[in-house]
Structures are given as structure tokens and as C-alpha cells.
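Hello,

Here is the structure we spoke about, with the sequence. My notes follow below it.

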Amino acid sequence: MDIGVRILLAFLVPQVAHVGGQEDGGHEGCVPGFQVKHYQVVYSGPFQKGQALLQVEFDDCAGNEDVKFEVSDPSFHVDGDLNLAPQRDVQYTSPVMFIHGLSAHADDMAQVEVSGLPIQSPHNLRDILGLGQTLPYRSKRSLLVPPMIITENQRAPFPRIIGKNRCLLDSDCSGNHIFRLTGPGADQDPKGLFTIDIDTGDVSVSRSLDREAIESYQLEVSTTDIAGNVVEGPAQLVITVIDQNDNRPIFKETRYTGEVLEGSPTGTTVMTMMAFDADDPATDNAALRYNIVRQSPNNPVLNMFSIDAERGDIVTAIPPALLDRETLPTTTYELEIVAKDMAGSEVGLTGTATATITITDKNDHAPEFTHPLFEAYVNEGSTGVVVNLTVDDRDDPDTGAGRAIYSIIDGDPTQSFEIQTNPDNNEGMLSVVKPLDYEAMSLHTLFIKVENEDPLVPDVGYGPSSTATVHVKILDINEGPVFFPDPLKVTRMENIPLGSFVASLNATDPDIKQTQSIRYAVLQDPAGWLSVNPVRGTVNTSASLDRESPYVHDNKYTAVFIATDNGNPLATGTGTLVIYLEDYNDNAPYVVPSVAQVCEDAHDMNVAIVGGRDKDLPPNSAPFKIELGKQPGLDKTWQVTRVNSTHSQIMLLHSLKKANYQLPLLITDSGVPPLSNSTEVKVQVCICKKNKKMDCSSAHSHRASLLLLLLFCVLSI
């Protein structure tokens with residue numbers, strides 16, 4: 001191999017830090033990886049097995065435990081003392097070797113340039129370059145473009161060289177060949193991030209990179225002549241950004257809440273804490289470990305809960321008997337959780353969140369009455385709450401395990417009582433819902449049971465203390481007299497004589513254990529027709545009963561009476577008297593309508609149809625008899641003909657001149673004895689026009705009898 005090829009191969013690896021064996025400066029603290037990225041070895045003859053060529057400087061900032069090294073030439077390895085040595089006798093090697101260092105905390109690469117190699121014949125070039133192995137770069141024709149790596153967050157000075165591109169042979173790039181770099185990061189956004197030396201092919205970075213923004217760049221390298229014509233390429237250049245631990249774990253929330261049922265077995269999962277680290281998930285930079293650093297309160301034991309270091313599952317760590325909600329100092333515990341990257345090593349970054357755990361209740365305590373016997377007093381006839389029953393329950397009153405349900409299991413056959421739970425204090429409110437009668441029973445003995453909304457746990461049951469007795473004593477109250485029947489209904493004829501007997505009121509006092517007298521009085525008598533004997537309760541008429549009165553509805557007259565006892569205090573009761581009034585023929589009938597109109601030249605002599613009305617009821621009303629009055633000569637001009645039982649037809653026997661005529665009529669009902677009524681119908685004889693309008697305004701009024709008399713005299717002359 002000639003010297004040109006040797007120089008070319010010496011630069012097939014990216015230079016992330018400094019070259020020529022110089023340490024990377026400008027960093028504060030420990031930066032995991034190779035401390036020297038570029039080594040040189042001088043070839044002075046075949047390499048012997050076990051010969052230490054150089055010692056690499058590698059620090060993963062965590063003790064260098066389980067660090068693995070891979071060498072691009074499998075004939076070499078890095079031993080336990082960090083020495084690069086052949087694993088067998090090696091005659092030749094590549095002019096450039098790559099050493100890859102990997103641990104749970106670091107991932108880095110260094111290059112070793114072997115100088116002084118003898119020039120080999122071209123047919124051995126493939127073996128020398130290691131092309132029979134997997135190379136860390138790709139080539140197109142004679143243009144060699146190795147992959148390049150760079151650690152994120154590098155500090156100034158910039159620009160700095162990160163790798164070199166070369167031609168396979170010096171003759172490939174002879175003449176005026178110009179290197180060109182294109183793609184995102186070069187001539188595309190983000191523009192100017194990477195540049196290439198047009199003469200040497202050196203690739204440089206112009207500023208610090210952020211792997212969390214872009215983790216790799218895909219660019220293309222080509223060579224052109226002076227005229228811009230592509231000579232070689234393009235070949236793909238992959239620049240990989242190596243992660244640094246520059247992101248701390250972050251919890252999605254700062255405070256998490258969970259709950260666990262009291263008495264849960266040890267190891268019961270309560271909740272899961274999850275944090276996120278933006279660093280490379282393939283490295284320990286994002287390998288999180290969880291830990292509980294504080295528990296508040298810290299009793300009954302300090303470590304009531306534990307957390308799975310890798311999954312973040314919080315579980316119970318104490319026996320079920322200690323996880324007793326009723327004996328714990330609090331039902332809420334607060335844990336401070338820390339997530340640390342770098343698999344929890346001391347150099348890892350941390351994030352913190354708070355977990356609040358509530359110990360929830362189960363129904364492991366039966367409610368118990370505070371007293372075996374409760375007493376209540378209630379006035380007879382009243383309703384409402386009479387006593388509040390109190391219970392003790394160690395379970396949570398805001399849950400079904402603590403909320404009480406009361407029931408009456410005996411002593412209430414008439415369902416006069418009910419019991420409800422007061423939601424504010426869990427007490428049982430015993431109420432009277434049906435008025436109680438002292439005279440019927442002065443003492444009620446009730447048996448009450450209390451239970452929870454939720455069923456008890458299997459090993460707990462309701463005992464004798466979950467039942468109680470309640471004595472409800474009824475207090476005697478002076479009750480008002482009671483009328484029977486109420487209402488009292490009687491039937492009487494209207495117009496019966498004053499002082500006539502109507503009814504006898506009957507009121508009794510329910511206080512049978514007391515001797516009391518009752519007095520009666522009228523409370524409501526709308527028409528003022530009645531009076532009552534205050535001692536005997538007999539009702540008589542004080543005025544005439546009139547069925548046709550406006551105070552009578554549907555033939556019924558209603559009055560209200562009051563009865564008062566002589567107890568202390570006085571008590572009253574009211575009763576209603578309904579009088580059904582029978583009809584008496586005391587109203588004469590009358591005729592409607594009272595006015596009729598007819599044309600003076602009418603060919604139809606029918607004047608009108610009139611009907612009878614009567615305030616009395618049948619048989620004291622219709623059928624009616626309607627006839628002409630008793631004046632002589634009326635039948636010469638007028639005629640009344642019956643139509644039906646209530647109506648008759650009035651007719652003229654000859655035409656009359658325009659005037660108003662008063663026609664006397666006599667109407668008689670069918671009562672026994674019958675009543676008659678003399679009335680008049682005004683008949684207007686009008687001038688009728690062709691448009692059917694009637695002119696009656698100038699007509700003069702005449703008595704029908706006088707007109708007939710004058711007509712009779714004229715006819716006689």
C-alpha cells in the first residue's frame with residue numbers, strides 16, 4: 001500500500017473531540033466516554049499476541065462496571081487493564097481501527113491510526129481495509145464517506161472537525177476535484193450546521209447540537225470538477241448525535257392520588273408512578289429508577305408502602321392487620337417519589353412528584369345503638385318526629401360502610417310510624433305518620449334495627465347492640481266533639497211553617513275517659529232560615545224555606561253547626577246539615593217573549609210563538625194553558641192555538657194598521673191547585689219594505705180591547 005492510501009485510511013473515523021492524542025477540554029465535570037478520541041500506533045513489525053499497543057482512557061462516570069469494548073479489527077481487543085492488544089499474531093492491519101466503548105452509562109467511540117505500515121500490493125487492499133467485515137462507512141466507486149458521530153452539547157470553540165472524507169486512491173482525486181456537502185444541515189434547513197473543506201473533505205460542525213431535537217442527519221458527499229460537474233458520488237453521509245444525560249426525569253403531574261382498601265394483603269398495588277426522560281431510551285441516560293424518599297406521617301411504621309424501582313408500582317408493605325383505617329393515625333398518607341435516570345446511579349438526574357394515598361373503608365364494624373331503650377312522648381292526634389335514635393359506627397360515615405339504615409321490626413301493625421336516616425349525623429328520626437289515639441292505646445312499644453348500606457365483611461355480623469326498644473307514650477289531649485253522621489242529610493218541603501222541626505244534630509266527645517257536656521250553635525246559615533237548641537241540638541225553621549232562593553243549589557240548602565265541649569281548654573267540632581227542599585207550587589207561570597212584530601200587509605197572519613216559564617218544578621209547572629184574556633171581542637181579531645205542552649201560536653184573523661197593540665193573555669200551570677197569571681204581549685204592526693226592513697218607530701200604542709171596540713162601532717154604523 002502506498003503512502004497516499006495510508007494517509008487516507010488514517011482519517012476514516014470521525015473525530016468528536018480533539019485529534020492527535022489531545023484531551024477534550026472545555027467541559028465541566030465528568031463527561032462519560034473516551035477521554036481521548038484519537039490515538040496513534042507506529043507499526044514496527046508484526047504485532048505479537050498480548051502485546052500492549054496502547055492504553056485507552058475511558059470513564060463512564062459510574063465506576064466503569066461492565067464496560068464492553070469492540071474493535072473494528074477482530075484480531076484486536078481491549079483487555080481488563082484497558083490495553084489495546086492483539087488476540088493473536090497479526091501481520092498486517094488496517095491503517096485505522098475503531099474502538100467502541102459501551103456501558104449502561106456511556107456510549108462512545110475512539111479511533112486508532114496505525115502509521116508505518118508497509119506498502120502492500122493492491123490485491124491485498126480488501127483485506128487491509130477489512131472489507132470482508134462490516135465497515136462503519138459506505139463507499140461509492142473511489143469516494144469513501146465514513147459515518148460520523150458527535151456528542152451533543154459540545155462547547156466552543158467552533159467550528160470543529162468531526163470527520164474526513166477521502167478518495168480511495170490519490171489518483172482518484174487527482175486534479176482539481178472539489179468536495180461538496182448537501183442535505184439537511186448543510187444547504188438545507190437547518191442550514192450551515194455542517195460544512196466541508198472543498199480541498200481536504202474535512203467535515204466540521206458549526207455549533208452545539210441537541211440530540212433531543214435531531215438525533216441524526218442524512219447528508220450526501222460528492223466531488224466535482226472546477227466546472228461543477230460531478231466526478232464522484234453522491235455518497236450518503238450519516239452523522240449521528242450521541243446522547244448526553246442532559247434531561248432529568250419529569251412526571252406528568254406533580255401530585256398523584258390513589259387509594260387502597262383497608263386490610264388489603266401485603267403487596268397490593270395502590271397506584272403506578274410514571275416519569276418521562278427525553279434522553280436516548282437505548283441508554284442509561286433514560287433508564288429510570290424510582291424510590292420513596294419520604295412518608296408523611298411516618299407511623300405506625302416508616303415504610304408502609306414500597307415502590308417497584310423499575311416499573312414505579314406503589315404497593316402496600318405492611319400486614320393487613322396494621323392497615324386498619326380505624327386504628328391508623330390518619331386515613332391519608334403522602335409519599336415523595338423520586339425518579340432518577342442513569343439506572344439510579346449517583347450521577348443520575350432526578351425528578352420528584354408527590355403521591356397521596358387514601359386508606360378507604362370497608363364495612364368491618366357493625367353499627368350499635370348508644371342506648372338499648374329510647375323513650376318518646378307525643379300528643380295524641382299530632383304527627384312528626386318524636387325521637388332521634390343515636391348509633392356508634394367506627395366505619396366512615398360518608399360511605400355505605402358507615403351510613404345507617406333503620407327499620408321497625410315489630411310493634412307497628414297499623415304502620416303509624418316510620419323511621420328515616422338523618423344524612424347530617426346518621427341518626428334515626430322516628431316519626432308519627434298517622435295520628436295516634438290516646439283512648440285507643442296510650443303506649444306503643446317499637447323494636448328498631450339498624451344496618452349499613454353496604455353488607456358487612458364475612459367475619460363480622462350484627463349483634464344485640466344493633467337493635468333497640470322505643471317506648472312511645474301518648475299524651476291525652478282534649479279533642480273536639482265529632483258529629484255523626486257528617487254531613488247530616490234531610491228532606492223538607494219548602495214554605496213549611498216557622499218553627500217547624502228540621503233535624504236533630506248528634507255530636508259525641510271522643511274523650512271517653514272524661515265526663516264532658518256539649519253545646520250546639522249555628523256557625524254558617526247563609527239565608528238565616530234555621531235555629532238550633534244549644535243543649536238538645538234540635539234544628540227548627542226561623543224563616544220560610546224557599547226552594548227558589550239563590551242560596552239553594554240543586555234543590556239543596558247547606559248549613560254548618562259547631563259543637564263545643566266544656567274541657568280544659570275548650571274543644572270544638574263542626575258538622576254539616578244538608579236540606580233537600582221539595583217543591584211547592586208557589587210561583588205563577590209567565591209568558592215569553594213579551595214583544596212580537598208583524599207586517600201590516602202580511603199575507604201570513606202568524607204573529608209569534610210564545611212559551612210558558614215557571615220557577616216551580618214538575619208537576620207544578622208544565623203543561624201550560626195559554627189563552628186570550630177575558631176582554632170581550634178579542635176573539636174577533638186574535639187567535640191563540642196550542643203548539644205543545646209549553647208553547648202556543650198567536651195569529652191575526654185580519655190585518656191591522658201600523659200601531660203597537662197590547663194583547664192580554666192568561667197562562668195557567670198544572671199545579672194542584674193550579675196558579676194563573678194575566679200578562680200582556682206587545683204586538684208591533686210595522687211597515688215592511690222590499691229590502692225586508694221593518695219600520696216600527698212611528699207606531700202608536702193601543703190597547704187591543706179599545707181598538708176592537710172602535711172597529712165594532714164602525715161596523716155597526
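Strands E43 and E44 make a hairpin with five residues between them, and glycine 537 in its turn has a positive phi of about 80 degrees. Strands here are DSSP runs of E of at least two residues, and helices are runs of H or I of at least four, numbered from the N terminus. Two strands count as paired if DSSP finds at least two bridges between them. E43 (residues 530-532) and E44 run antiparallel and are joined by three bridges; serine 531 has asparagine 540 in E44 as its bridge partner. E44 (residues 538-541) is also joined by three bridges to strand E40 (residues 501-504), again antiparallel, with alanine 503 opposite valine 539.

This is a predicted model: local features need pLDDT of at least 70 and side-chain atom pairs count only at pLDDT 80 or more, while totals for chains, interfaces and linings use all residues. Residues are numbered from 1 along each chain as its sequence is written, and side-chain values use heavy atoms, with hydrogens and water left out.

On confidence: the protein chain averages a pLDDT (the predictor's confidence in each residue, from 0 to 100) of 85, and 88% of the residues score at least 70. Residues 1-28 have a pLDDT below 50; this stretch has 83 contacts in the model beyond near neighbours in sequence, a contact being heavy atoms within 4.5 Å. Residues 704-717 are also below 50, with 12 such contacts.

There is an open sheet of three strands, in the order E13-E17-E16, with antiparallel pairing. E13 (160-164) and E16 (194-196) are at the edges with a single partner strand each, so one side of each has no neighbour in the sheet. E13 is joined to E17 (residues 202-205) by four bridges, and arginine 160 stands opposite valine 205.

Now the cores. A nonpolar core is a set of buried Ala, Val, Leu, Ile, Met, Phe, Trp, Tyr and Cys residues joined through side-chain atoms within 4.5 Å, where buried means under 20% relative accessible area (1.4 Å probe, protein chains only). The largest has 25 residues, and Phe251, Met273, Phe305, Ile314 and Ile337 have the most contacts inside it. Strands E21 (255-261), E22 (269-272), E24 (289-296), E25 (305-307), E27 (332-340) and E28 (350-360) each give two or more residues to this core. Leaving aside neighbours within four places in sequence, the contacts of isoleucine 337 include Phe251, Met273, Tyr290, Ile307 and Ile314. A second, separate core has 24 residues, among them Val36, Leu54, Phe58 and Leu117.

Regards

Definitions and conventions
Buried < 20%, exposed > 50% of the residue type's maximum accessible area, 1.4 Å probe, protein only.
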